[in-house]
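Colleague: I am new to this structure and would like to learn how to read it. Please take me through it one feature at a time.

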Amino acid sequence: MLPVFAGLLTGGSGAGAASGGVAIRWGFYITYNPNSLQSLQANVRNLTHVSPWFYNLKADGTITGNDQANVSSLIKSNGVKELPMIKNTSAEYNDFSALVGDPVKVNSIVDQIDAIVSNNGYDGITLDFEALNPSDKTNLTILMSRVYDRLHPKGKLTVAIVAAKTRHI
């Protein structure tokens with residue numbers, strides 16, 4: 001399988017599957033690599049969830065990007081849950097701290113995420129925030145809680161991609 005599915009979870013042989021749990025197979029689609037679409041087309045029927053990277057969080061708190069109808073149609077027509085990814089590509093470190101530390105901006109981010117999910121019929125959202133300050137821990141948790149509190153009553157999922165801790169900070 002191509003590197004675009006490096007984040008694939010194969011729960012089919014784990015403890016959850018042995019005890020009757022449902023296997024989760026998660027794929028990631030990236031828009032900048034043409035091989036990613038080919039890989040998605042070849043493998044989507046084997047997945048349960050896909051997070052296509054359609055959106056970006058900017059330093060001013062706006063979320064930019066658009067749904068790709070052909071990709072969403074492929075995912076949905078195969079009965080796969082679609083949780084597009086929002087990355088903080090231009091809101092890193094201190095810029096990100098300023099966003100999550102500002103309740104007005106947090107409210108705006110939550111409103112934007114809710115609109116993106118609702119307007120596009122997504123099954124939820126995947127937040128992939130990288131290049132953060134350790135001091136963002138509490139405010140990031142608050143943001144994630146706010147997104148979850150908004151989406152969960154609507155039956156939508158909230159997913160956070162978290163880097164593994166490699167050292168004690």
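Colleague: Is Tyr93 buried, exposed or partly exposed?

Modeller: Buried means under 20% relative accessible area, exposed over 50%, and partly exposed in between (1.4 Å probe, protein chains only). Tyr93 has a relative accessible area of 44%, so Tyr93 is partly exposed. Keep in mind that this is a predicted model, in which local features need pLDDT of at least 70, side-chain atom pairs count only at pLDDT 80 or more, and totals for chains, interfaces and linings use all residues. Residues are numbered from 1 along each chain as its sequence is written, and side-chain values use heavy atoms, with hydrogens and water left out.

Colleague: What is the phi of Tyr93, and where is Tyr93 found?

Modeller: Most residues other than glycine have a negative phi. Tyr93 is not a glycine, yet its phi is positive, about 45 degrees. Tyr93 is found in the loop between β5 and α4; helices (H or I, at least four residues) and strands (E, at least two) are DSSP runs, numbered from the N terminus. Ala131, also not a glycine, has a positive phi of about 55 degrees. Ala131 is found in the loop between β6 and α6, and Ala131 counts as partly exposed at 21% relative accessibility.

Colleague: What pLDDT does the chain average?

Modeller: pLDDT is the predictor's confidence in each residue, from 0 to 100. The chain averages 89, and 88% of the residues score at least 70. Over residues 1-18 the pLDDT is below 50, and this stretch has 32 contacts in the model beyond near neighbours in sequence. Contact means heavy atoms within 4.5 Å. Where pLDDT is low, the predicted coordinates should not be read in detail.

Colleague: Which residues of helix α3 are buried?

Modeller: An α-helix has 3.6 residues a turn, so residues three or four places apart point the same way. Helix α3 covers residues 69-77, and Val71, Ser72, Leu74 and Ile75 are buried in this helix. They lie on the same side of α3, because they cover an arc of only 160 degrees around the axis; the arc is that of the directions from the helix axis to the C-beta atoms. Ala69 and Ser77, on the other side of α3, are exposed.

Colleague: What do the buried residues of α3 pack against?

Modeller: They pack against β1 (26-29), α2 (34-43), β2 (49-57) and β4 (81-82). Gly79 follows α3 and has a positive phi, near 70 degrees.

Colleague: How many salt bridges does the structure hold?

Modeller: A salt bridge is a side-chain nitrogen of Lys or Arg within 4 Å of a carboxyl oxygen of Asp or Glu. The structure holds 6. One of them joins Lys87 and Asp128, with the closest N and O atoms 2.9 Å apart. This pair links distant parts of the chain, since Lys87 is in strand β5 (residues 85-87) and Asp128 in strand β6 (residues 124-128), 41 residues apart. Lys87 counts as buried at 16% relative accessibility, and Asp128 is buried at 6%.

Colleague: Which parts of the chain do Asp111 and Arg150 tie together?

Modeller: Their side chains meet in a salt bridge (2.7 Å, N to O). Asp111 lies in helix α5 (residues 103-120) and Arg150 in helix α6, so the pair ties together parts 39 residues apart in sequence. Salt bridges that share partners join Asp111, Asp114, Arg150 and Lys154 into one network.

Colleague: How many aromatic pairs does a search of the whole structure find?

Modeller: Rings of Phe, Tyr and Trp (its six-membered ring) pair if their centres lie within 6.5 Å; planes under 30 degrees apart count as stacked, over 60 as edge-to-face and the rest as tilted. The search finds 4 pairs. Among them, Phe54 and Tyr55 are edge-to-face, 6.1 Å centre to centre with 80 degrees between the planes. Phe96 and Phe129 form a tilted pair, at 5.2 Å and 55 degrees. Phe54, Tyr55 and Tyr122 form one aromatic cluster.
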